[in-house]
Amino acid sequence: MDAVQFLQNFLNGISIGSVYAIFALGYTLVFSILGIINFAHGAIFTLGAYLTYSLAVGQFGIGGLLADLQLPFQFSFTISLFIGAILSGMAGVLVERCAFRPLRTRGADPLLALVSSLGVALVTVNLLQYLVGSEIYSFPSDVYGDIRPAFLLHIGEKLVVVRTVQIIIFAVSMVVLALLGYLIGWTRIGKALRAVAENASTASLLGINVDRFILYTFFLSGFLGGMAGSLVGTSFGIAGPYFGVSYGLKGLAVIVMGGLGSIPGAVLGGMVIGLAEAFVPSEYSAYKEAVAFAFLFAVLLIRPQGLLGSSQIQKV
Amino acid sequence: MDQFLQNYGFLLVTLVQQSLLAYSLYFPLMAGQLSLASPGFYALGGYIAAIMATAEYFAPWRDALGWGIFPLGWLAAGIISGILALLVGIPALRLRGIYLALATIAFVEILRVICLNLAITGGAIGIFGIPQLFESRWSYIWTFGPLLLLILCFSYRLDRSRVGRAFKAIREDELAADAMGINPTRYKVLAFVIGAVLAGVVGAMSAPFLNTWNARQGTFDASIAYLAYVLIGGSRSMWGPLLGGIMLSALPEILRPLKDARLIINGLVLVFASIYLPQGIVGAVGSIRNFTTQTLGIGRSEK
Amino acid sequence: MKRVLLAVLPVVMFAAGAEAELVGAPIPIGVGVAQTSNVALFGQEQIIGAKIAEKYFNKQGVNGTPIKLVTQDTGGDEAGAINAFQNLISKEKVVGIVGPTLSQQAFGADPVANRLKVPVIGPSNTAKGIPQIGEFIGRVSAPVAKVAPYAVKQAMKQNPNIKRVAVLYAQNDAFSSSETVTFQETVKNLKLEMVTLQKFMTTDTDFTTQATAVLGANVDLAIISGLAADGGNLVKQLRQLGYKGIIIGGNGFNTANLFPVCGKNCDGILVAQAYSPEANNPTNKAFVADYRATYKKDPPQFSAQAFTAVQLFVEGLRKVEAATKKKITQLDLSVVRTELNKALREGSYITPLGEIALDKEGEINQKTFYVSEIKMDAGGKVGKFVIVK
């Protein structure tokens, strides 16, 4: 591989890696607070993509029950992305209410929370299929306004190409990461969240309303999941309601890679896996889907706490 | 009767087959380990049997063994699944918690991608024209049925054995079990391997039953389905997986007229069952019986 | 103590004696395709095509006796297909079955029908080996081996300077991976240079690797064998990155589902077609008119093939009546099934797919294929396949 090819792969990798990062952050936030993996996260990813699509295009469905249902309004892409993510965050809160809280208040086996979240995922995905059909939804190419679709960089004889969408994805992800970093590191809410993650019972003794912070966490998680779904959707289209499932599974590899519950770990893990996938030569692209999971295995063997995780592994 | 078996024979055998797959998840759960690897071993076992039954290389074996190639396929599937389970299980089971579930999800996905790409597994189309053990679908009860009886006997004995008690001790409290001198990793790996061998053998039996085999047999969706069988049936009783497997795999057929809404209802069942039936149906029936015996003094059974 | 009742199923086996049983009226024809799961999209198009055929052919019926379609959902898996086929055969007592949707399902369910001696016509099973499952299995979905050369020649007519070619295909799709072999041979025979061969998966969404490789190879023609979702996405990403050359799509591109995926970037793609709504024969015209009246667009290939499958059964039944000189409803079900299977393989049919016939094995022998160019409207939403001569 020459330097130009390397640069091309690197650019492709950090763009998709940045989305993996914000998506995986949603998983990791919930894990850090509850010690549970929310399997509905992949479904929220899909939901977010559909919501943003509807708001930006002003139409609900191509197929399904809501086929050709027009919305009375239509927003610009930026606003749609934001509202879509907020609605996804609210869906995240709903997931907490339905699938997690009843079990938590009873002190049930954490395995059950896993099953109930899988149940919610199943309902969401199939409800979506019922409502909007299994057609492919593709954002119109002028969704960002009238800008060129790609940038071409000539380096000697060689060519490096970057789609505008890739740049937008990367930029939006970076902004989101920076804001989240600020929220968690420098604000009162962030401090309280960290306290709850550290030890929920101590936090509640300190007068922190733990239930409320769990809700905040789920909102943030849903927000990030929906945002990631929308970004991926604008780049590659929404390939039917099952579209989030493979991202959901890949996200698991990302958080194990970075260290379960570690926020910087999720970002690093996302970047590593995004880059690793981008560097798979195209002859072997059929094996690309397995790269993230091969990493997961390697991490379990060599460094089970993940790249940036703490060494103690207790939570279920 | 003949007509009935013509119509529903395939479905009845499917119920038994799905229950068996539920048991492959039940054994690791007995030791408190959530394994989602069953579809992987199921797919692997099916491929092994399908390749042995169709590949050119095995032709002399088939000529020599006749129908004996089928039991040999089950054996090979069981052994290879067991060995692979050791390789997957040991690194994942040194760790406590969710790691086994994650490692097994990864295992299923990696295996699926590999099977989709190899020539020997027939790529996307898979392997077809698998020779038949029986003419009618219903007759396959003669392979799955005895296996189910065997597994029921095995579970019954396991429940009452030292190994079974060790499994449960680890499920209740791994640290305490460790302190009592039980080696948790050893027993966790054992439970995982038992489940894997079972799934592999069921896969090997299923390949001729379904006539064809492909990479779509082992998916994450299937993992969820098997998990649901066990948890909704009841993960703490040996009858749970049987009940859950039969009920939930019959459900889609019963709900056939509902079409798309079918899977939505499946999902709702999962949510409600985990919230309201944490011990599964068998557990719930048990606690109702306890309630009636203790509080009302009726239906007291001799102890 | 626990008292366990083991309900051992009574395993009484009766000798499978075929009782004499007449065919019901109206004559039941089974349609077992995917109405749920993620292949439902195709299955629903097939149901529509079959229903139009039912309406169209019931104007005369089988010499006066109407037919009745019985549909069963196969879902997307093999077990579902076997269940549906069993239901159709033993409960609904159909004379023949149209289905299933996927080739993989056909390998699971067709042997069941074959053993019970029920004729099956696959409307969309394109994998190698389907008609060879057994003597009762046929199909109306052709591998478009013949059309590939025309598509490439058409591209060379548009740009005679084509030299360097990129070939891309979905390797997890059975049809695409056999179609690409034909394309590659054509490229070789026409003395063009295949400079890059790229693979992808139908489940992929990110084609950056493939697209950059094609651009890097500096080609004049890209030939893609894939399905609507992945193929369309690939075209879109290729065009966005600035690929200016000609694109040929395989038969997987022959669906309007492609248009929303690549939008205005679909414009100009040359598509190899096994079905064209513009095919000029009375059956197709009636079919297209009926479809347009309800759905306000051109019928897709899946609907046309399902229509054709039902047509073959109806015409086959008529032939059975002519040969036996008896009404179908006076004949034994098992006799009708066997005779129908024989009749299907005789003579040729004028269908929406043009003139076709089934050979002895049940493989389709299709006379006409088409090459069309996609024309998108200015908004990039509505598209049309226009036959190029």
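Predicted model: local features only at pLDDT ≥ 70, side-chain atom pairs only at ≥ 80, totals over all residues.
Residues are numbered from 1 along each chain as its sequence is written, chains are lettered from A and ligands numbered from 1 in written order, and side-chain values use heavy atoms, with hydrogens and water left out.

**Exercise 1. Work out how chain A is built and how compact it is.**

Step 1: count the elements. Chain A has 11 helices and 2 strands (DSSP runs: H or I of at least four residues for helices, E of at least two for strands, numbered from the N terminus).

Step 2: Along the sequence you get α-α-α-α-β-β-α-α-α-α-α-α-α. The radius of gyration of chain A is 20 Å, close to the 20 Å from the globule rule for 316 residues, so chain A is as compact as a globular protein of that length (C-alpha atoms; the rule is 2.2 Å times the number of residues to the power 0.38).

Step 3: check the burial. In chain A, 60% of the 316 residues count as buried (under 20% relative accessible area, with exposed over 50% and partly exposed in between; 1.4 Å probe, protein chains only).

**Exercise 2. Find what lines the second largest cavity.**

Step 1: search the whole structure. That turns up 7 cavities of 30 Å³ or more (on a 1 Å grid over the protein atoms alone, sets of points where a 1.4 Å probe fits but cannot get out; lining residues have an atom within 4 Å of a point).

Step 2: read off the lining. Among the residues are B:Met52, B:Phe70, B:Trp74 and B:Pro208. Helix 4 (69-93) of chain B gives the most, with 4 residues.

**Exercise 3. Describe the hairpin of strands 14 and 15 in chain C.**

Step 1: get the pairing. Strand 14 (residues 370-376) and strand 15 of chain C run antiparallel over 5 bridges (pairing takes at least two DSSP bridges).

Step 2: look at the turn. The hairpin has 6 residues between its strands, and C:Gly380 in the turn has a positive phi of about 75°.

Step 3: sort the faces. C:Gly383, C:Phe385 and C:Ile387 form the covered face of strand 15, while C:Lys384 and C:Val386 form the uncovered one. In a regular strand, side chains alternate between the two faces of the sheet.

How values were computed: 1 Å grid on protein atoms, 1.4 Å probe; cavity = no way out; pocket = protein on both sides within 12 Å on 5 of 7 lines; lining within 4 Å. Points joined across faces, edges and corners; volume = space filled by probe spheres on them.
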